[in-house]
Amino acid sequence: MTQDASFRFTHAITRRPPGSVANGLRAIDTGAPDPALVAQHHAAYVAALRATGATVIELPALDAYPDSLFVEDTALCLPQGAVIMRPGAPSRLGEAAEMEPHLRALYSRIHRIEAPATIEGGDILVTGREILVGTSARTNAAGIAALDAITSRWGHRLRQVHTPPGVLHFKTDCALLDAGTILSTERLAASGCFAGYRVIHTAPGEEAAANVIRFNDAVLMPAGFPATAQRLRDAGYGVTELPNSECAKLDGGMSCLSLRFTPS
Ligand code: CIR
């Protein structure tokens, strides 16, 4: 994989928020998200993806799955093929099956993670060098081994790391900014998992700013974290701040809302 393939993509898939979104999973109840506002924020997110020149495939809402707008957790898309995940949250298992036919239409090589393995896309960070996968309450050792078996045949090196305790996903606390640069909370970077990378830390008190996405020439980040946004601008990145107050109530951020890829 070329280094640029870790952040340059021709396509993204999103799924429209369901009317049932207020019933989505949340670690702490900070109030129910407003479905109308979720839809408005989601439309702004899709527009920001499109503004980079990418084709965005918007899938219809799935009312049976309140968390189904968080499509990142359902698959891993690599230049060589796609891997259908097996979410660790039982209420989200069906979302992966719903995604599979859409990826089959775009990819000739599709693999599926099978029970009892569990793994969610939010725990996977693909850099220009390797695939980092964090163990978490959603991603178990069997899930990581199953993914490794597939991606090693495609020439990727996978490294198991750890999602900090109490943090939903590995990428809740980090993001790729370019092939060798990571945005990370200090608590995650302190584990040493990014040795050899250039690391930019989120500003103190702005840990929730870590879940950004580098998508072509843009870094999409949640609004409301001015010190971290400034750090990214100072480092030369083109930052687009997007409203995320409602998805944040469901522990959702910029990465969760799309699958980003170049079909093979
Ligand atoms: C969940 O708990 O599964 C959803 N409420 C949030 C999923 C966020 N996904 C992600 O960070 N990749």
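Student: Does Arg153 count as buried or exposed?

Tutor: Buried means under 20% relative accessible area, exposed over 50%, and partly exposed in between, with a 1.4 Å probe and protein chains only. Arg153 has 58% relative accessibility and therefore counts as exposed. Please note that this is a predicted model, in which local features need pLDDT of at least 70 and side-chain atom pairs count only at pLDDT 80 or more, while totals for chains, interfaces and linings use all residues. Residues are numbered from 1 along each chain as its sequence is written, and side-chain values use heavy atoms, with hydrogens and water left out.

Student: Where does Arg153 lie?

Tutor: Helices (H or I, at least four residues) and strands (E, at least two) are DSSP runs, numbered from the N terminus. Arg153 belongs to helix 3, residues 141-153. A polar atom of the Arg153 side chain lies 3.2 Å from the backbone oxygen of Ala149. In space, Arg153 is 9.8 Å from Gln80, C-alpha to C-alpha, although 73 residues separate the two in sequence.

Student: How many helices and strands does the protein chain have, and what is its radius of gyration?

Tutor: The protein chain has six helices and 15 strands. The radius of gyration is taken over C-alpha atoms, and the globule rule is 2.2 Å times the number of residues to the power 0.38. The radius of the protein chain is 17 Å, close to the 18 Å that the rule gives for 264 residues, so the chain is as compact as a globular protein of that length. Of these 264 residues, 56% count as buried.

Student: Which backbone features deserve attention?

Tutor: Most residues other than glycine have a negative phi, and most peptide bonds are trans. In this model, a cis peptide bond joins Ala115 and Pro116, with omega of about 5°. Pro116 lies in the loop between strand 5 (110-112) and strand 6 (124-126).

Student: What is the phi of Asn216, and where is this residue placed?

Tutor: Asn216 is not a glycine, yet has a positive phi of about 60°. Its place is in the loop between strand 12 (213-215) and strand 13 (218-222). Asn216 counts as buried because its relative accessibility is 8%.

Student: What may be said of Asp251?

Tutor: Asp251, a residue other than glycine, has a positive phi near 60°. Asp251 is found in the loop between helix 6 (245-248) and strand 15 (259-261). With a relative accessible area of 32%, Asp251 is partly exposed.

Key: A polar contact is a pair of N or O atoms within 3.5 Å; within protein, one must be able to donate a hydrogen and the other to accept it, and residues adjacent in sequence count only if both atoms are side-chain atoms.
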